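Subject: Structure handover

Hi,

Here is the structure I promised to pass on. Please open it first, then read my notes below.

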Amino acid sequence: MTIAVLYGGTRPNGNTETLTKKAIQGLDVEEIYLKDYLIKPIEDKRHAEEGFTKIDDDYNSIIDRILQHEILIFSTPIYWYTMSGTMKNFIDRWSQTLKDAQYPDFKNQMAQKKAYVIAVGGDNPYVKGLPLIQQFQHIFDFMGTNFEGYIIGEGNKPGEILQDTQALYAASKFQESIR
């Protein structure tokens, strides 16, 4: 089984990244930091006669990388009760990929994958982060991707996640859930 982690945070060594690293400790994973790539926003042309036009950015190179893996971990801070803008921008572009002749089997390929979400927020995330989890559930349902589980943690200032013993425990048990 091969694993890719998609990091949606913009703070180096942020709380979400810290919790994710604890969850994947000892696993062989490909780590993709979305903030390090140019991913232009989608220009919605799903219903335009000319369709989508090719965009000169790094998005397709990331799609090529994740399609090689069986398990995808979406690691995002909870920003304003949803995923980070970096992560959302990446997922929004899936609408284009679904219509891209370069990826004629994109939805079927995504349906063969297992997905997990790791999210950290600072404003009662165990309750207020649940809509984010539900949002990912809807995304994965649409794509046919198996949503296998999630970890939510609490942390706002750098390092605060290390005080959330519930999230740290869930991260320590994560590897058992992917086997």
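First, a term you will need throughout: a residue is buried at under 20% relative accessible area, exposed at over 50%, and partly exposed in between (1.4 Å probe, protein chains only). The areas come from the Shrake-Rupley method with a 1.4 Å probe, and for residues only the protein chains shown count as cover.

This is a predicted model, where local features need pLDDT of at least 70 and side-chain atom pairs count only at pLDDT 80 or more, while totals for chains, interfaces and linings use all residues. Residues are numbered from 1 along each chain as its sequence is written, and side-chain values use heavy atoms, with hydrogens and water left out.

Salt bridges

A salt bridge here is a side-chain nitrogen of Lys or Arg within 4 Å of a carboxyl oxygen of Asp or Glu. By this rule there are 10 salt bridges. I will also name helices (H or I, at least four residues) and strands (E, at least two), which are DSSP runs numbered from the N terminus.

Start with Glu31 and Lys21. Their side chains form a salt bridge at 2.8 Å, N to O. Glu31 is in strand E2 and Lys21 in helix H1, so the pair ties together parts that are 10 residues apart in sequence. Glu31 is partly exposed, at 29% relative accessible area. Lys21 is partly exposed too, at 32%.

Next, Arg93 and Asp57. Their side chains meet in a salt bridge of 2.6 Å, N to O. This pair links distant parts of the chain: Arg93 sits in the loop between H3 and H4, Asp57 in the loop between E2 and H2, 36 residues apart. Arg93 and Asp57 are both buried.

There is also a network. Salt bridges that share partners join Glu43, Lys45 and Glu50. In the bridge between Glu50 and Lys45, the closest N and O atoms are 3.7 Å apart. Which of these two is buried, and which exposed? Lys45 is buried because its relative accessible area is 16%. Glu50 is exposed because its value is 53%.

Look at helix H1, residues 15-24. Seven of its 10 residues are buried, so H1 is largely enclosed by the rest of the structure. They are Asn15, Thr16, Glu17, Leu19, Thr20, Ala23 and Ile24. What do they pack against? The partners are E1, strand E2 (29-33), E3, strand E4 (114-121), E5 and helix H8 (165-177). Contact means heavy atoms within 4.5 Å.

Now helix H3, residues 85-92. Its Met87, Asn89, Phe90 and Ile91 are buried. The buried residues of H3 pack against strand E1 (3-7), helix H2 (59-66), strand E3 (71-77), helix H4 (94-97) and helix H7 (130-143).

Thr97 is in helix H4. Thr97 counts as buried because its relative accessible area is 1%. Not counting residues up to four places away in sequence, Thr97 touches Tyr59, Ile63, Tyr103 and Phe106. Take Ile63: it is 34 residues from Thr97 in sequence, but the C-alpha atoms are 8.7 Å apart.

Thr145 lies in the loop between H7 and strand E5 (146-154). At 4% relative accessibility, Thr145 is buried. A polar atom of its side chain lies 2.9 Å from the backbone oxygen of Met110. Leaving aside neighbours within four places in sequence, Thr145 contacts Met110, Ala111, Lys113, Lys114, Ala115 and Phe140.

Positive phi values

Most residues other than glycine have a negative phi. Asn13 has a positive one, near 55 degrees. Asn13 is in the loop between E1 and H1 and is exposed, at 59% relative accessibility. Tyr81 also has a positive phi, about 70 degrees, and is not a glycine. Gly26, which follows H1, has a positive phi near 85 degrees.

A surface patch

Tyr81 lies in the loop between E3 and H3, and Tyr79 is in the loop between E3 and H3 as well. Tyr81 is partly exposed, at 39%, and Tyr79 is partly exposed at 34%. Tyr79, Trp80 and Tyr81 make a nonpolar surface patch of about 410 Å². Patches are made of residues with over 30% relative accessible area and no salt bridge; like charges are joined within 9 Å, and nonpolar side chains (Val, Leu, Ile, Met, Phe, Trp, Tyr) within 5 Å.

Best wishes

How values were computed
A polar contact is a pair of N or O atoms within 3.5 Å; within protein, one must be able to donate a hydrogen and the other to accept it, and residues adjacent in sequence count only if both atoms are side-chain atoms.
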